[in-house]
Amino acid sequence: MRKIILGNTGLEVTRVGFGALPIQRVSMDEAKRILIRAYESGINFFDTARAYSDSEEKIGNALSDVRKNIIIATKTNAKDTKTFWQQLETSLENLKTDYIDIYQFHNPKAVPMQGDELYDAMLQAKQKGLIRHIGITNHSFENGKNAVLSGLYETLQYPFNHISSEEDLELVTLCKEKSVGFIAMKALSGGLITNAETSFCYLWQYPHVVPIWGIQRINELEQFIELEKNPPVLDETRKKLIEQDKKELSGSFCRGCGYCMPCPVDIPIPTAARMKFLLRRAPYQKFVTKEWQDKMELIGNCIECNQCSCQCPYHLDTPALLKEMLEDYREFVRNHA
Ligand code: SF4
Ligand code: SF4
């Protein structure tokens with residue numbers, strides 16, 4: 001498999017990275033089968049997080065024998081140093097390793113800088129050899145840019161796909177200029193982009209970008225292995241698909257990042273605010289169950305506290321968007337009952 005050097009880390013990672021969030025949803029044995037197949041096919045870059053329940057444990061269980069041949073990135077969402085050290089210890093234990101290649105701050109609301117206790121803890125962890133490189137993940141353009149310009153981060157993990165904005169592209173270029181490794185998350189926009197081939201060949205145009213493809217099934221993995229072997233061409237048909245996706249998924253479009261959570265009345269905002277698209281772009285049956293109907297009706301309890309919109313990195317008017325989604329949802333359910 002083709003590899004690139006990730007920014008100035010010196011780490012040589014495959015251009016197909018393995019996003020290990022979805023393996024939380026499969027059994028330990030199935031995760032092992034998928035992870036070993038990924039490794040044997042040549043994938044050497046695995047991205048997980050302390051927040052992804054047993055994902056780290058599954059990686060440790062499947063790949064500890066070949067630890068020295070793989071590159072592991074994981075994340076901490078600690079808000080204080082005590083939790084930082086606890087999480088780091090747990091991650092090392094789960095991953096059955098004594099070092100993490102890239103340790104990332106997981107979507108912090110503000111970028112930890114030199115002198116901040118959390119950033120200092122990262123530096124200490126690096127000095128102790130527990131982590132090799134310091135990274136950050138974020139959904140906010142401002143935070144992403146600050147992190148890259150600070151010179152304190154060796155990698156940035158940021159949403160990037162064919163519906164990304166000009167602003168997002170600016171970050172991709174900035175990372176290249178500053179030799180910061182760019183790890184692309186949400187390459188399929190959390191399931192809203194349904195044509196993986198198109199997304200793949202769009203991202204393939206950026207040789208310094210490493211997408212981590214969220215993989216839950218062996219057939220999804222096989223698809224990416226095949227795409228890597230024979231990268232598709234970004235032809236006119238695919239360009240038209242990109243234009244269509246951009247048209248449909250633009251403006252007040254929720255990316256499902258979850259920054260707005262928790263909601264005081266328990267509205268599952270990251271899914272509810274994208275419901276219109278999920279119903280039409282993914283198999284809709286799982287979203288029209290009694291359980292989901294009840295969850296969507298929680299939107300009626302919104303107290304308009306605006307906590308969600310204040311936290312939204314995309315500056316969405318979330319309460320208004322949710323109301324629009326509920327109206328559309330009720331009609332969809334009526335027509336598909
Ligand atoms: S404005 Fe409504 S949806 Fe947003 S956090 Fe408050 S209650 Fe929840
Ligand atoms: S409303 Fe905004 S903050 Fe909440 S999930 Fe959607 S994009 Fe993220």
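Two residues are in contact if their C-beta atoms, placed from the backbone, lie within 7 Å. By that criterion, Phe-18 touches Ala-38, Ile-43, Phe-45, Phe-46, Asp-47, Ile-212, Trp-213 and Ile-215, leaving aside residues up to four places away in sequence. The model is predicted: local features need pLDDT of at least 70 and side-chain atom pairs count only at pLDDT 80 or more, while totals for chains, interfaces and linings use all residues. Residues are numbered from 1 along each chain as its sequence is written, and chains are lettered from A and ligands numbered from 1 in the order in which they are written.

**Nonpolar cores**

- A residue is buried if 20 or more other C-beta atoms lie within 10 Å of its own, exposed if 12 or fewer do, and partly exposed in between.
- A nonpolar core is a set of buried Ala, Val, Leu, Ile, Met, Phe, Trp, Tyr and Cys residues joined through C-beta atoms within 7 Å.
- The largest nonpolar core has 62 residues, and Phe-18, Ile-59, Ile-72, Leu-156 and Ala-184 have the most contacts inside it.
- A second, separate core of 24 residues includes Ile-299, Cys-302, Leu-316 and Tyr-329.

- Helices (H or I, at least four residues) and strands (E, at least two) are DSSP runs, numbered from the N terminus.
- Helix H2 (residues 55–63) is largely enclosed by the rest of the structure, because eight of its nine residues are buried.
- These buried residues are Ser-55, Glu-56, Glu-57, Lys-58, Ile-59, Gly-60, Ala-62 and Leu-63.
- The buried residues of H2 pack against helix H1 (28–40), strand E4 (45–47), strand E5 (71–76) and H3.
- Two packed helices are described by the angle between their axes and the distance between the axes.
- For helix H3 (residues 81–94) and helix H4 (residues 117–127), the angle is about 35 degrees and the axes are 9 Å apart; axes are lines fitted to C-alpha atoms, for helices over the stretch in contact, and angles run from 0 to 180 degrees between N-to-C directions.
- Where H3 meets H4, Thr-81, Phe-84, Trp-85 and Leu-88 of H3 face Glu-117, Leu-118, Ala-121 and Ala-125 of H4.
- This contact of H3 with H4 has six nonpolar, one polar and one charged residues; Ala, Val, Leu, Ile, Met, Phe, Trp, Tyr, Cys and Pro count as nonpolar, Asp, Glu, Lys and Arg as charged, and the others, Gly among them, as polar.

**Surroundings of the two ligands**

- A residue is near a molecule or strand if its C-beta atom, placed from the backbone, lies within 6 Å of it.
- Around ligand 1 there are 15 residues, of which Cys-263, Cys-302, Cys-305, Gln-307 and Cys-308 come nearest.
- H13 and H14 each supply at least two residues of the shell around ligand 1, and the largest share, three residues, comes from H14.
- The shell around ligand 1 has 11 nonpolar, three polar and one charged residues.
- Ligand 2 is surrounded by 16 residues, the closest being Cys-254, Cys-257, Tyr-259, Cys-260 and Cys-312.
- Helix H10 (269–272) and helix H13 (307–311) are the elements that give two or more residues to the shell around ligand 2.
- The shell around ligand 2 divides into 11 nonpolar, four polar and one charged residues.

**Backbone features in loops**

- Met-261 and Pro-262 are joined by a cis peptide bond, with omega about 0 degrees, and Pro-262 lies in the loop between helix H9 (236–248) and H10.
- Asn-107, in the loop between strand E6 (100–106) and H4, has a positive phi of about 50 degrees although it is not a glycine.
- Asn-107 is classed as buried because 20 other C-beta atoms lie within 10 Å.
- Glu-304, in the loop between helix H12 (290–297) and H13, is a residue other than glycine with a positive phi, near 55 degrees.
- Glu-304 counts as exposed because it has 9 C-beta neighbours inside 10 Å.

**Two residues within helices**

- Phe-224 lies in helix H8 (residues 218–229) and counts as buried, with 20 C-beta neighbours inside 10 Å.
- Phe-224 touches Val-16 and Trp-213, again not counting residues up to four places away in sequence.
- Lys-323 is found in helix H14 (residues 318–336) and counts as partly exposed, with 14 C-beta neighbours inside 10 Å.
- Lys-323 and Gly-300 are 23 residues apart in sequence, and their C-alpha atoms are 7.8 Å apart in space.
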